[in-house]
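The points are grouped by topic for reference alongside the sequence and the coordinates.

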Amino acid sequence: MKRAVRLIVFYAGLFGLWTLLSQLKIWPPYLFPTPWGVCEALYAGFKDHSYWIAIAVSMRRVLIGYAISMVLGMLLGLGVASSKFLEETMGGLLVSLQSLPSICWWPLALLWFGLSQNAILFVVIMGSLLSVTLAMEDGRKQMPKIYGMAGRNLGASGFRLFWYVLLPASLPFIVSGLKQGWAFAWRSLITAEMLYLSLGLGQVLMMGRDLNDMSAVIAVMILIIAIGYVVDGVVFKSMEHRLQQRWGLTPST
Amino acid sequence: MSTNAHNFPAQIPIPIDPRIPAHIGGPRAKSSRIPVVSPSRNVSSDIPKVGLSEICLSYRTQSGERLLALDHINLQVKAGEFLCIVGPSGCGKSTLLHLIAGLHQQTSGQVLIDGHSVKGPGTDRILIFQELGLFPWLTVGDNIEFGMKMKGVSKAEREEKTRYYLRLVHLSQFKDSYTHQLSGGMRQRVALARALATEPDVLLMDEPFAALDAQTRDLLHDELERIWAETGRTIIFVTHNVREAIRLGDRVALMTFRPGQVKREFVVDLPRPRVLEDIHVARAAGEILGELREEINRSLEVEYNVGVEPHVEVGVEP
C-alpha cells in the first residue's frame, strides 16, 4: 500500500514538473510538448488504428526473431558448454562479439537480404542470440551435474535428456539471460525499424520526427517503454516466480 | 492390487511381519500384478546377477600423477541378494556403484549383468545417488513416472504404477507436492520409489541414509527390507556405517583404502528382521570394525600425514 502511494506521488510529481516546464514556455511547443498534447497524440494514434497496427507488426517481428535466437542460442550454448574444443575456440569469439552493437549488423543485413523484413529479423536475432547463448552456456555449467547423471541413469539420452532434464534443470540459471536476450531483441528491433519504412513502432517514431510532431514522438516512446516493461514485468516476473516456487528457492525481493 | 500394498497413512512405521521370510530370493509379491520381477532370461544358477571382474580404475589428478582408485575388484552378487559394501571414505565404493550403473567407464575389467558386459547406463540397474538427484521441477508423481516415461511405458500404465509405488513408500498424499516441500526421509522414499518404478533388476544405493536422523533411518531400514522382500530385487548398498551394513545385508564386503580392493567378505548369518541395537548385530559389527579400523588408520595417515589412533565406536560412523 505504502509502495503504491510512493509511486503515485513520484509520478504525479514528474507529471507536475513536466506540466510546469511546458507551461513556462522556455522552449517552443514543437520542441517540448505538453502532457495533454502527448495524451491527445496517443488517443489519436489508437483511434485511427495506426498504433495498434504498429504494435502488432513489431510484436510479431520480435517474437519470431526472439524465438529463433532462443533455439539457436540454446543449441550453441549447449555446444560450447559441453565441448572443450568449442569452448576454447568459440567461447572467446562469442564474448567479444557481444561488444558489437546489434545495429552494426544492419549494413550487412541490407546487402544480404535487401531492404526487407528479413533484414530486420536478422538484426533482431543477432542482437539477442549472444545473450541467450552465453546464458545457456553459463546455466549448463552452473547446473548441478547430478541431474544429468540421474537422467541418464533413468534411461534418458540424446535429445530427450536435453529436453526433459538438462533444459529444465538449467532454467533457473538461464532465466535472467533469457530476459536480457529479450531486452536486446526489443531494442534491436526498434532501432532497425527506425531505419526502414516498416510499419512497426520504430517507423511510427520516425514519422513523428519527419512531421515535426514532438507529441507523437514522445507518445511512441512511451509505448515502446510500456511494452518492454509489460513483457519484462509480467511475462518474465511470473516465470521467475513460478520457477522459484517449484524449486523452493527463496524469492529475491 | 497387492496384498502387500498396505494402505496405511504415510509416515507410520510398519513393523516387518516376522512371518515373511526375508532371506535371499524371498517372496516376490506373487499375488500382485505389478511390479513384475522380470525373471532374467538365459541365466543359469551359477551366473551371478552382477559380476565384477578385475575392475581397475585410475585417473589423473590435477598435479598430473596417476592415481589408482580401484584395484582389481572381483565381486559377485546373486539374484535377489542384499550386498552391503563398507569401507573408509575415499576407498572408491561410490565410484564402484557408478561403474555398475554405467555412468562411468572403468579403466580395465568388466561389469557383467547376467553374464553380459555393461556398456553404459541401462534401466535394469538404477542407482540411488547419495544426494538423490530428484528433479525439483517435477512433482513427486512426475519424478516417479520419469523413468517409465523414458522407457516408453503408456500413460495409463504409468499412472497406475506411480500410484502403486507411492503407496509402497507411503507417500500417496504427496503425489502433487514438489520435492523441496518434503522432509529428508520423505525425499529418500521418493528416490526409492522412482528407482523401483523403472523395475530394475538391480538397485544400487549410495549411502542413502547417511544424512538422516536416527529415527528416520531406522524407519527406512524397515521399509527398505520390506520392499526388498516384496519385490525381490538385487540390492547393492554402499555405506560407511558397519552396523547398518549388518542390519541390512546378506553379505558385507569390506573395501580397503586407496587403492580400493575387496579386503574381505562376510556372510551375515542372522535371522531377519534385525535390529540395529541388537547385541548380535553389534557383535558382528565389532568383527568387521576391527578390520575397518586398520583401513581408517591408513586413510588418516595418507590424508593428514598423521598416525592417530581413531576412536571408532561400534555403529558410529567413522
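This is a predicted model: local features need pLDDT of at least 70, side-chain atom pairs count only at pLDDT 80 or more; totals for chains, interfaces and linings use all residues.

From chain B, the core draws at least three residues from each of domain 1 (43-124 + 202-308) and domain 2 (136-199).

**Surroundings of B:I236**

- When neighbours within four places in sequence are left aside, B:I236 is in contact with B:V50, B:V77, B:L83, B:I85, B:L97, B:I100, B:V202 and B:L204.

**Chain A: overall make-up**

- Chain A has 10 helices and zero strands.
- Taken along the principal axes, the C-alpha atoms of chain A fill a box of roughly 70 × 55 × 30 Å.
- Of the 253 residues in chain A, 35% count as buried.
- Among chain A contacts between residues at least 6 apart in sequence, 71% join residues at least 24 apart.

**Chain A: the α3/α8 pair**

- Helix α3 (residues 50-82) and helix α8 (residues 158-194) of chain A have axes that come within 8 Å and cross at roughly 135°.
- The crossing in which α3(A) passes α8(A) is right-handed.
- On the α3(A) side, the contact is made by A:S58, A:R61, A:V62, A:G65, A:Y66, A:S69, A:G73 and A:L78.
- On the α8(A) side, the residues are A:F162, A:G181, A:W182, A:A185, A:W186, A:L189 and A:E193.

**Chain A: helix α9**

- Helix α9 of chain A (residues 201-210) has as its buried residues A:L201, A:G202, A:Q203, A:V204, A:L205 and A:G208.
- These buried residues of α9(A) pack against α3, α8 and α10 of chain A.
- Just after α9(A), A:N212 adopts a positive phi of about 55°.

**Chain B: domains**

- Chain B is divided into domain 1 (43-124 + 202-308) and domain 2 (136-199).
- The C-alpha centres of domain 1 and domain 2 of chain B are 26 Å apart.
- The contact between them takes 12 residues from domain 1 of chain B and 10 residues from domain 2 of chain B.
- Helix α5 of chain B (residues 214-231) gives the most to the side of domain 1 that touches domain 2, with six residues.

**Chain B: the loop residue B:S177**

- B:S177 lies in the loop between α3 (155-168) and α4 (184-197) of chain B.
- B:S177 is partly exposed because 15 other C-beta atoms lie within 10 Å.
- Not counting residues up to four places away in sequence, B:S177 touches B:T139, B:V140 and B:L182.
- The C-alpha atoms of B:S177 and B:V118 are separated by 36 Å, and the two residues are 59 residues apart along the chain.

**Contact between chains A and B**

- The contact takes 14 residues from chain A and 20 residues from chain B.
- On the side of chain A that touches chain B, α7 (145-153), α8 and α10 (214-247) each supply at least two residues.
- The largest share of that side of chain A, six residues, comes from α7(A).

Methods
Residues are numbered from 1 along each chain as its sequence is written. Chains are lettered from A and ligands numbered from 1 in the order in which they are written. Domain bounds come from an automatic or database domain assignment. Two residues are in contact if their C-beta atoms, placed from the backbone, lie within 7 Å. Axes are lines fitted to C-alpha atoms, for helices over the stretch in contact, and angles run from 0 to 180 degrees between N-to-C directions. Helices (H or I, at least four residues) and strands (E, at least two) are DSSP runs, numbered from the N terminus. A crossing is left-handed if the near helix is turned anticlockwise from the far one by less than a right angle, and right-handed if clockwise. A residue is buried if 20 or more other C-beta atoms lie within 10 Å of its own, exposed if 12 or fewer, and partly exposed in between; C-beta atoms are placed from the backbone.
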